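Here is a friendly tour of a two-chain model. Let's start where the chains meet and then turn to the fold of one of them.

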Amino acid sequence: MRAQDADGDAGPVQVRGTVLTVRRVDAYHAMTVVAPGIAARFRPGQFVAVAVGGPDSAMLLRRAFSIHDVRPDHGGTVEFVFSASGPGTRWLAGLRSRDVLDVAGPLGRPFPVPRDPVSCLLVGGGYGSAPLFALAGKLRDRGCKVDFLLGAASGDRVFGALTARRTGRTATITTEDGSLGARGVVTDMLGQVIHEARTDVIYACGPMPMLRQVTLLARRYDLPVQVAVEEAMACGIGVCMTCVLPVVGTDGMTRMVRSCVDGPVFRGEQIRWDDVGTIPFDAVGAPGWEPRSGRLPRGGQAAAGGRAGATGPGHGARESGGSGQQARPGSPGRPGHGH
Amino acid sequence: MGTDMRTRLGHVELPNPILTASGCAGAGRELAQFIDVSKIGAVVTKSVMLAPRAGRPTPRMAETPSGMLNSIGLQGPGIDAFLQRDLPWLLSRGARAVVSIAGGTVEEFAELASRLSDAAGVTAIEVNISCPNVEHRGQVFACDPVAAAAVIEAVRGRARYDIPVFAKLSPDVTDIVAVARACVAAGADGLSMINTLLGMAIDCDTMRPVLAGVAGGLSGPAIRPVAVRCVWQVREALPDVPIIGMGGVRTGKDALELILAGAGLVAVGTTIFHDPSACERILRELDEELARRGIDRLSDVVGLAHEPRTATGRRLARNVP
Ligand SMILES: Cc1cc2nc3c(=O)[nH]c(=O)nc-3n(C[C@H](O)[C@H](O)[C@H](O)COP(=O)(O)OP(=O)(O)OC[C@H]3O[C@@H](n4cnc5c(N)ncnc54)[C@H](O)[C@@H]3O)c2cc1C
Ligand SMILES: Cc1cc2nc3c(=O)[nH]c(=O)nc-3n(C[C@H](O)[C@H](O)[C@H](O)COP(=O)(O)O)c2cc1C
Ligand code: FES
């Protein structure tokens, strides 16, 4: 198992980890697995891809889960939180301590953290709040102020409400049925919280419609926003090209980029939310698309001998397969927020 | 490794028969985080086209029993980026690169072959003819022996003489042997099979197709018996033509099954999504499977299942120490 990617960063590892515990946490399950290599490399926002169903499983595709927490005990453990909603996650929920689980991770790009001690608002929907607590810890280490805004359909689906109240400077909870906190959805409260907490930067993880809304509102308040997206993934490691979404690069060009390796964390405004699930006509390589340089012969992709566009300087080592120059998440769109 | 695993890709010798299947390992870079890409027979890269290509809309995949459907639509960076970035990287890692090419016209395939011939370090070209022919109402090249042969002839004509050209066949045909014969007659040095089978899934809640592309390619262990049958039929008809077998290989024993059917090389596809280190594992398992049967040379068992039972018995017995 290799741990260096071409970046020189510590890349992911694949481990057969022993399950320590599987606990019920309200509507969810929390699973802790011994996975030293993953724990040591983890940065908040990254995820694991887990093989489900055992060695002869008929379920071939890995399941992706945000890493909730890592701990140093047993050489290093990883915890993720999941909703047992389909055959793979139900199988996971049935595991017991000492069972063995094949886990690959840590995968994807982490949340970039600001250099300065700014005021951060962490917005989570459902199990989407799971990765926010490790992020909060890291932000506090940097002297940042951390406020939480968490929501879900019902109180038992707001993951980590207690922890948020205990550790956040403020914690605002919303539920659609009003069973916990204010009745409504997180975006109903976003403006008020931003105002009261004097938020400088927003981090969000949750369902795609929520992330879209949060991005729209952040733009209204002129705040940088980092979102962790959830797209259907088959491999989680960047080889299958199933998890793409339209993302605008620093050069202004839209590319279909893999959310597993170029994400899951993106600057909210980079994502073309209205075009998710489509190939925008102006995306690099879309039918009929031609590079601006006009060096191509006319007549569509069949005759095209394209040279411009797809490549360019500054590729991260992981950006292959048509992804290209997406800004690294270490550079949120505002001065003062570095790596 | 005890067994002599060397095998031939046309006239090129490879240290062992395990390859990645096109489209299931990118250009090797991501996989190199989990395996040593120089240790497997070769990396077969994602089919590359002339121009960058955005592919199909999402959802692009659906999990099915022991398999998956995909409709990626050949998303890729185009040949220039591939030659600038991906191929040099693979070579720098000491990997052997089999480059898969795809096109919408015969001329696009030919142009790709000539571009690859100008580059150093291409071990072989695999021609993905399971693409719609834009000049022929979108009919898939691989489904028509005449169109398939036209592509192969053009590629063979433009590829450097010392680069083997493999034609990748689709199982979605009535007579795969006819397409195989046509490709070999047109100059193919070998044949790869099988590409995915066309399938479809419908979401019973939304009551609509799961894939944005409606239909998609079925792969994984679910299709392995089809792959075994195709390799068998083609080997039976063309015993001297090298075959890269693929379709649902998950273990060393699965690889052995395709080898016995007639494949001298075996590619691993969908299983990589399940287990990113699968290629190294399958290579190890294949070695063990052969050793357990007292076989010390892989080449002794390629196509062995075609021999009458008695002869097989005798031949195996000879190898038992
Ligand atoms: C980066 C990332 C982080 C995630 N974090 C969490 C988390 O912390 N907790 C949690 O409960 N869930 C999380 N998910 C969603 C989780 O991956 C799916 O709920 C899970 O794969 C469903 O598996 P299943 O067998 O129950 O369902 P099935 O419907 O049987 O899954 C079939 C296939 O579709 C894929 N799939 C289905 N739903 C989703 C989905 N919503 N997102 C991505 N792939 C899906 C599966 O991976 C599998 O390949 C995350 C997804 C991503 C991409
Ligand atoms: C996601 C995905 C992408 C693929 N892309 C290509 C491709 O670009 N070119 C090609 O020739 N075959 C492609 N294939 C087909 C595989 O190379 C292989 O022929 C097929 O999947 C059967 O093998 P498997 O069951 O081991 O996956 C793809 C398959 C999958 C699952
Ligand atoms: S999930 Fe396979 S490339 Fe992203």
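How many residue pairs are in polar contact across the interface of chain B and chain A?

## Where the chains meet

In this predicted model, the rule finds 14 residue pairs in polar contact across the interface of chain B and chain A. By class, the side of chain B that touches chain A has 24 nonpolar, 16 polar and 16 charged residues. Two salt bridges cross the interface as well. E30(B) and R258(A) meet through their side chains in a salt bridge, at 3.0 Å from N to O.

Contact involves 56 residues of chain B and 57 residues of chain A. Between them the two chains bury about 4,500 Å², with 56% of it on carbon and sulfur atoms. Q33(B), F34(B) and H274(B) supply 16% of the area that chain B buries against chain A, more than any other three residues.

## The sheet of chain B

Now for the fold of chain B. Eight strands form an open sheet with parallel pairing, in the order β3-β18-β17-β12-β11-β8-β7-β4. Its edge strands are β3 (18-20) and β4 (43-44), each pairing on one side only.

Strands β17 (residues 243-246) and β18 (residues 265-268) of chain B run parallel and are joined by three bridges. Here G245(B) stands opposite V266(B).

## Helices on the sheet

Helix α8 (residues 278-292) of chain B packs on the sheet, where it touches β3 and β18. The direction of α8(B) makes about 165° with that of β3(B). α1(B) lies across β4, β7 and β8 of chain B, running at about 150° to β7(B).

How values were computed: Residues are numbered from 1 along each chain as its sequence is written. Chains are lettered from A and ligands numbered from 1 in the order in which they are written. This is a predicted model: local features need pLDDT of at least 70, side-chain atom pairs count only at pLDDT 80 or more; totals for chains, interfaces and linings use all residues. Side-chain values use heavy atoms; hydrogens and water are left out. Contact means heavy atoms within 4.5 Å. Buried area is the accessible area (1.4 Å probe) that two parts lose on being put together, summed over both. A salt bridge is a side-chain nitrogen of Lys or Arg within 4 Å of a carboxyl oxygen of Asp or Glu. A polar contact is a pair of N or O atoms within 3.5 Å; within protein, one must be able to donate a hydrogen and the other to accept it, and residues adjacent in sequence count only if both atoms are side-chain atoms. Ala, Val, Leu, Ile, Met, Phe, Trp, Tyr, Cys and Pro count as nonpolar, Asp, Glu, Lys and Arg as charged, and the others, Gly among them, as polar. Two strands pair if DSSP finds at least two bridges between them. Helices (H or I, at least four residues) and strands (E, at least two) are DSSP runs, numbered from the N terminus. Axes are lines fitted to C-alpha atoms, for helices over the stretch in contact, and angles run from 0 to 180 degrees between N-to-C directions.
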